Amino acid sequence: MNSLEKVDYKKFIAPLVVGLVLWFLASVRPDGMSISAWHMFAIFVATIVGLVTKPLPLGGVALVGFVAVVLTGTVPMDTAIVGFGNGSIWLIVMAFFISRGFIKTGLGRRIALIFVRAFGKKTLGLAYALSAVDLVVAPGTPSNTARAGGVMFPIIKSLAQTFGSDPEKGTERKIGSFLIFTEFHANAITAAMFLTAMAGNPIAQAFAAKQGVDITWMNWFLAALVPGILSLIIVPFLIYKMYAPEVKETPDAKDWATGELHEMGKISKPEIMMIVGFVIALALWILGSFIGIDSTTTGFLVIGFLLIAGVLSWNDILKETGAWNTLFWFSVLVMMASQLNALGFIPWLSKTIGASLGGLNWFVVLIVLLVAYFYSHYFFASSTAHVSAMYAAFLAVAIAAHVPALLSALMLGFFGNLMASTTHYSSGPAPILFGAGYVKQGEWWRMNFILGLVYIVIWIGVGSLWMKLLGMW
């Protein structure tokens with residue numbers, strides 16, 4: 001007989017208490033705000049707290065929040081289920097399936113080995129090669145966790161052990177520590193560079209659209225291109241100086257990669273079909289705004305191609321639990337955030353905060369908001385949860401303070417990824433890479449704090465000037 005699933009009921013206490021306290025404070029809500037708007041706020045905050053404490057998996061927490069919204073009459077069922085039809089969320093789902101193709105066919109691993117073979121003679125060059133792999137693979141892998149854990153980490157761990165770098169032997173600083181920490185940052189940078197490189201990015205796109213700001217795959221990529229490339233050049237070098245590996249030369253890396261590629265054999269037909277599908281996806285994402293094909297339609301088209309070509313099976317689609325889990329809990333959060341806007345809570349919040357920032361230059365307001373958004377990530381264990389909780393409100397405040405709409409929407413989108421440069425629990429890749437034991441917690445936090453300042457300078461300073469040259473504001 002099957003036993004009951006274990007549930008940590010203590011973890012329900014914080015979201016329940018927070019939700020109830022806020023719910024019953026409706027009697028002292030601000031003037032002009034409807035009781036439905038306040039109740040929606042109470043349920044939303046309780047759900048976000050639940051996503052942090054995790055009494056249930058994320059989908060389960062979202063389900064409880066969804067039930068609360070409907071049962072309390074805060075939002076009718078017909079309105080509540082609209083979130084499940086959001087095109088941006090389905091883009092995430094389709095991109096998850098594309099990511100599965102990279103891993104299933106071995107194409108992601110082959111790309112990584114080719115780069116290591118070509119550029120891996122020196123340790124710094126090896127780090128740049130691995131960063132380049134992230135750059136190439138990122139547009140088709142919205143799960144930055146899958147990219148780090150499924151493609152990059154196994155390669156880095158094998159490389160480290162080839163050079164005798166193992167935390168269990170006290171030799172982690174030989175090369176493994178440097179490569180692990182560099183990969184963590186390369187992952188965050190490339191996630192910021194493409195709309196389809198991290199699951200939270202299309203969520204930001206959806207929230208921006210609700211406020212009349214049109215983010216496309218192409219304008220996201222163009223805006224992120226210069227600060228992203230600069231970051232990929234500067235950050236590995238800074239890590240190399242701050243956290244120098246003991247092994248500076250890696251001539252054996254080329255031989256190791258050559259041997260691994262030999263074991264893989266010639267490129268397979270599924271890999272070739274995966275390349276074709278990926279090229280089709282990139283081409284249509286880039287040209288979509290010109291030829292009238294939106295990003296989500298492209299995603300469906302490419303998955304259809306991969307199914308017909310035999311790269312993916314329908315069972316692969318059904319078993320991609322990350323995609324279906326994301327579809328459910330993101331849909332609920334998008335619905336809640338949309339209703340906060342529709343019921344008047346976010347307009348009130350933006351007006352209130354905007355008034356307190358009155359008189360400040362709009363660029364100063366933008367800097368304040370981005371810095372606050374970045375450092376508030378110390379309180380979050382998920383970049384996507386953070387984006388879901390705060391992006392819409394911060395964007396509304398920026399627009400109310402007369403910050404150019406597209407500039408603020410894209411900058412907040414970029415920082416939704418860069419803020420992973422905080423803790424060892426900041427995003428999905430963080431516990432995977434930190435958990436390998438190559439980097440101590442104190443070093444992780446210290447270097448992240450320094451690099452966080454570097455990101456703020458590059459992306460706000462250079463990034464805003466670059467967007468000005470592009471005519472985006």
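Predicted model: local features only at pLDDT ≥ 70, side-chain atom pairs only at ≥ 80, totals over all residues.
Trainee: What box do the C-alpha atoms fill?
Mentor: Take the box along the principal axes. The C-alpha atoms then fill roughly 70 × 55 × 50 Å.

Trainee: What share of the residues counts as buried?
Mentor: A residue is buried when its relative accessible area is under 20%. Apply that to the 473 residues of the chain. The buried share is 54%.

Trainee: Among contacts between residues at least 6 apart in sequence, what share joins residues at least 24 apart?
Mentor: Contacts here are counted within the protein chain.

Trainee: How far apart are the centres of the positive and negative side chains?
Mentor: Count the charges to begin with. There are 28 positive and 21 negative side chains. The centres of the two sets lie apart by 2 Å.

Trainee: Why does the span of helix H6 agree with what it should be?
Mentor: H6 covers residues 107-119, which is 13 residues. At 1.5 Å a residue, they should span 18 Å. The end C-alpha atoms agree with that, because their separation is 18 Å.

Trainee: Which helix holds asparagine 341, and what does that helix reach from end to end?
Mentor: Asparagine 341 is in H16, residues 321-342. H16 has 22 residues, and 32 Å is expected at 1.5 Å a residue. From first C-alpha to last, H16 reaches 31 Å.

Trainee: Is asparagine 341 buried, partly exposed or exposed?
Mentor: Buried means under 20%, and exposed means over 50%. Asparagine 341 has a relative accessible area of 25%, so it is partly exposed.

Trainee: What phi does lysine 54 take, although it is not a glycine?
Mentor: Most residues other than glycine have a negative phi. Lysine 54 sits in the loop between H2 and H3. At 44% relative accessibility, it counts as partly exposed. Its phi is positive, about 55 degrees.

Trainee: Is histidine 402 buried or exposed?
Mentor: Histidine 402 lies in the loop between H19 and H20. It has a positive phi of about 70 degrees, although it is not a glycine. Its relative accessible area is 66%, and the cut-off is over 50%. Histidine 402 is therefore exposed.

Trainee: Leaving aside neighbours within four places in sequence, which residues are in contact with proline 30?
Mentor: Proline 30 lies in the loop between H1 and H2. Phenylalanine 345 is 315 residues away along the chain, but the two C-alpha atoms are separated by 9.9 Å. The contacts of proline 30 are Trp38 and Trp348.

Conventions. Residues numbered from 1 in each chain as written. Heavy atoms only, no water. Buried < 20%, exposed > 50% of the residue type's maximum accessible area, 1.4 Å probe, protein only. Contact = heavy atoms within 4.5 Å. Lys, Arg positive; Asp, Glu negative; His and termini not counted. Charge placed at Lys NZ, Arg CZ, Asp CG, Glu CD. Helix = DSSP H or I, 4+ residues; strand = E, 2+ residues; numbered from the N terminus. Expected span 1.5 Å × (residues − 1).
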